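I opened my notebook for a structure that was new to me. Here is what I looked up, entry by entry.

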Amino acid sequence: MSLEVSQLTVHHGAICAVNDVSFSVKKGELVAVIGSNGAGKTTLLRTLSGLNKATHGSATWNGHNLLHSKPERIVRHGVSHVSEGKAVIPELTVSENLELGAIWRKNKKESSASKAEITAIFPRLGERLKQRADTLSGGERQMLAIGRALMSKPEILLLDEPSLGLAPLVVEQIFQTIRDLATSMGLTVVLVEQNAMGALKIADNGIVLNLGKVAVTGTAQSLIADPQVRAAYLGY
Amino acid sequence: MHRFQKSNKLLLFIAFGFILFLLSNRVDELRVYQGASIAVYVIAISSIILLTGYSGQVSLGHGALLAIGAYSAAVARNEFNVPVVLCFFIAVLAAAFGGVLLGVAAARLTGPYLAGATLALAIGLPSLANQFTILGGEQGLIFDVGFPPLSLGEDFTQYKWFFWISALAALISMWLLSNVLRSRFGQNWRAGRSHEVAAQLAGINTGRSKILAFTISAGVAGLSGALLSMTIGTVSPSAFPLALSFSLLTGAVLSGVTTLSGVMIGAVTLVAIPEIADVIANRIGASERITTNLPGLIVSTLLIITVLFVPHGPVEQHRSRKAKKLLQKKN
Amino acid sequence: MIQLINTLLIGITAGSIYALMAIAIVLVWRSTRVINFAQAGMALLSTYFGYEAMVHLNSFWIALPVAMIGGAAVAAFIELVFMRFLLKRSAHGAISGVAPIIATLGLLGVIRSLTSSIWGGQDVRIVGPVSNVGYSLGANTLAFSPLKLLILVTVIVLVLLLSLLFQKSNMGLSLRASAFSPEIARLSGIRVNGVRTLGWSLAGASGAVAGMFQTVNGNGSFSPDSIEFSLLLVSGFIAAVIGGLDSLVGAVIGGLVLGLVISFVLMYINSSLFFIAPFVILLIVLFVRPQGIIGAKAARRA
């Protein structure tokens, strides 16, 4: 079981947002994709979940082609995407947002997580099941977004900037939860982050994107130690 | 250079008018009458193009504005014996006043809300005419512009007279409109249409320019309404049904709402449709039911097809294709 | 006193029909962000389906579901073969904002002329299942009849069923999620395209009931040129806007408000303000409370 991306190229009109990117992620691995604004991180993730169309290359998860499929089909292959900016539906209640995650599962009981399992991971959500999602704090919304993705018992989680706009303490908590998910549930995680240091600290491996191309790859420790990466992305 | 172009354009309009005049002597009465209708539609359609294409607003209530123009011209003529030329001016002013009111409302509404509100107006306003005895109720009013002056000769028919008046009005209003659109106002409208926020940041009062667009458009619509009732001879609620608003919208979309230059296409089509429908109905030997509904069906189908396949009108389509070719050549 | 009660009762019954029309508009707006000006035309067509069923089977209770199914099918067909294509094609350019409006108007015209050429311009008659003679209260006759009661009860039942569907079922959750955030819905595995078609068919069925009831509640006749039809055309839109366009509860409230106001204007002010009254109400609502009675933050300027 692995994510294989090879020679992936994505255009937005005339602009080449992702340029000849190749990498692979093994089962249970947590990979951080870092890079500055406009490096193509989000586009990369959106292409893997079927929201953007690739111009060239290939991407497979467990042998399932991800590039010529619609998002609603890709999620059925066990790929769950939490898009940027606290991806919850504010008009729905917390409970409904969670239900949404498993809505496509035909045999609900066996194949999807129960709300109880999710609230065990995020106790704060359990206290707010009946509230509308727009009454939640930023951190709680992010938890809800991840919780929704987990409801369908995915095999791989694509996370887009979960730390965006959150207070440092909450960021730490969210990152810790992501690490735990990978370790305890054996979940494969691709974590796209602007917060490079935070992401690399919890990741196994890292990929640095620059202007749509892979600049450096390696284990998270090696990237933290790399003077060039430190200067460009970690700020010291 | 600019100056030259302007006077050049005026000459072009005059030349066009002269050709129309010559033509009107060569064709039979029916064609002359249709020519008058085309001129009326040209004015009405250009008022919609002005609004939709240049200010990005859609009004389904232009039938109501036409009615305002027609009724005020008729009332001025019948009750106060105002000279005919002045009647048309009164029609313009009255409808423009209605346009100000509508524009104030429209400046706060966009897209579907404006469309729905004007739709309600188009259905509601003509029925209001039944309310006032001065407006003649269901029968309506007579609007008579009188016989053609004798100096034009004895065989100068009434229809030809209608044609002259409408064609002259059409030429004058097209010339004025094309100048307005090239002015600062026209530029402001286009700016507001494509990027309202950006236009506001650039210091354009988009609200005020929308109201202005509505006012001018309504005035032009009022003129066409008065001319329309001139060709029919009467003004009544049934002359301004919802179907009229739809036809005008179709004419505008057919002409291409982003430019005035295609306006003839829409006008000619609208006048030709009943005739085409007749031919089709005769050819297939359709029943009376189908015959009466065929024009409406053709108008609506054309509207849909145009929106789907040439959404910016044939003129713009042609232009962009030419521009593309030019680009390819350069490369 | 009796006049006041009658005015109220007439208003509520008419309002409940407008509410169904408004629900149809809201359902379409929520699923494709398009105001369907052809909705009344679709209701007209469905009513003719119902009329055919009446002619051949002679039962209102068969005709009603026939109209509903017919309306749903027509709506689904329009969404599938027409709206999808249109929205894809007109996504850009100067006309993108008005193209859907113009297209649904064109559709309205097509449906009107088609029904007119198939069934003729004359009125068709549909007789209600129960009497439309008012109940008597002492010496007075109320303007409320068994038929009006039936209409009211049926509308209430339908609205309850619909809200149950939306609030309690997976289908309802899919419909709401797709309306509020198509992207998150797709990422959650919902086939948003299919859900849109479903929203349109529900709207078609709801409009069909409105058309059938509008016919029997009036003088039993219906045609593309009738007042009943024009009223459906504007009332659904206006009631939906009063209710805030995005809310089913709002649509019901909007319909009732509209029905009551029209009824009071007719009874106490002037009966020829029939068509201008809805327009004035619409303007007042748009100016005083542009987000509608129910609507929250969502601005009108889009």
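Predicted model: local features only at pLDDT ≥ 70, side-chain atom pairs only at ≥ 80, totals over all residues.

These notes go from a sheet to the chains and then to a surface patch.

Entry 1: In chain A I found an open sheet of six strands, with mixed pairing and the order 6-7-8-3-9-10. Strand 6 (79-82) and strand 10 (213-219) of chain A are its edges, each pairing on one side only. I looked up the twist too: from one strand to the next, it averages 15 degrees.

**Entry 2: a strand pair.** In which sense do strand 9 and strand 10 of chain A pair? They pair in the antiparallel sense, over six bridges. Within this pair I noted Ile207(A), which stands opposite Thr217(A) of strand 10.

**Entry 3: helices on the sheet.** Helix 11 (residues 227-234) of chain A packs on the sheet and touches strand 3, strand 9 and strand 10 of chain A. I wrote down about 65 degrees between the directions of helix 11 and strand 9 of chain A.

**Entry 4: the chains.** Two pairs of chains touch, and chains B and C have the most contacts among them. Chains A and B do not touch, and 16 Å separates their nearest C-alpha atoms.

**Entry 5: a patch on chain C.** I came across a nonpolar surface patch of about 660 Å², with Met1(C), Leu4(C) and Met267(C) among its residues. Helix 1 (2-32) and helix 10 (248-269) of chain C each give the patch at least two residues. Met267(C) lies in helix 10 of chain C.

How values were computed:
Residues numbered from 1 in each chain as written. Chains lettered and ligands numbered in written order. Heavy atoms only, no water. Pairing = 2+ DSSP bridges. Helix = DSSP H or I, 4+ residues; strand = E, 2+ residues; numbered from the N terminus. Axes fitted to C-alpha atoms, helices over the stretch in contact; angles between N-to-C directions. Contact = heavy atoms within 4.5 Å. Patch = residues over 30% accessible without salt bridge, like charges linked within 9 Å, V, L, I, M, F, W, Y side chains within 5 Å. Areas by Shrake-Rupley, 256 points an atom, 1.4 Å probe, with all protein chains shown as cover. Salt bridge = Lys/Arg side-chain N within 4 Å of Asp/Glu carboxyl O.
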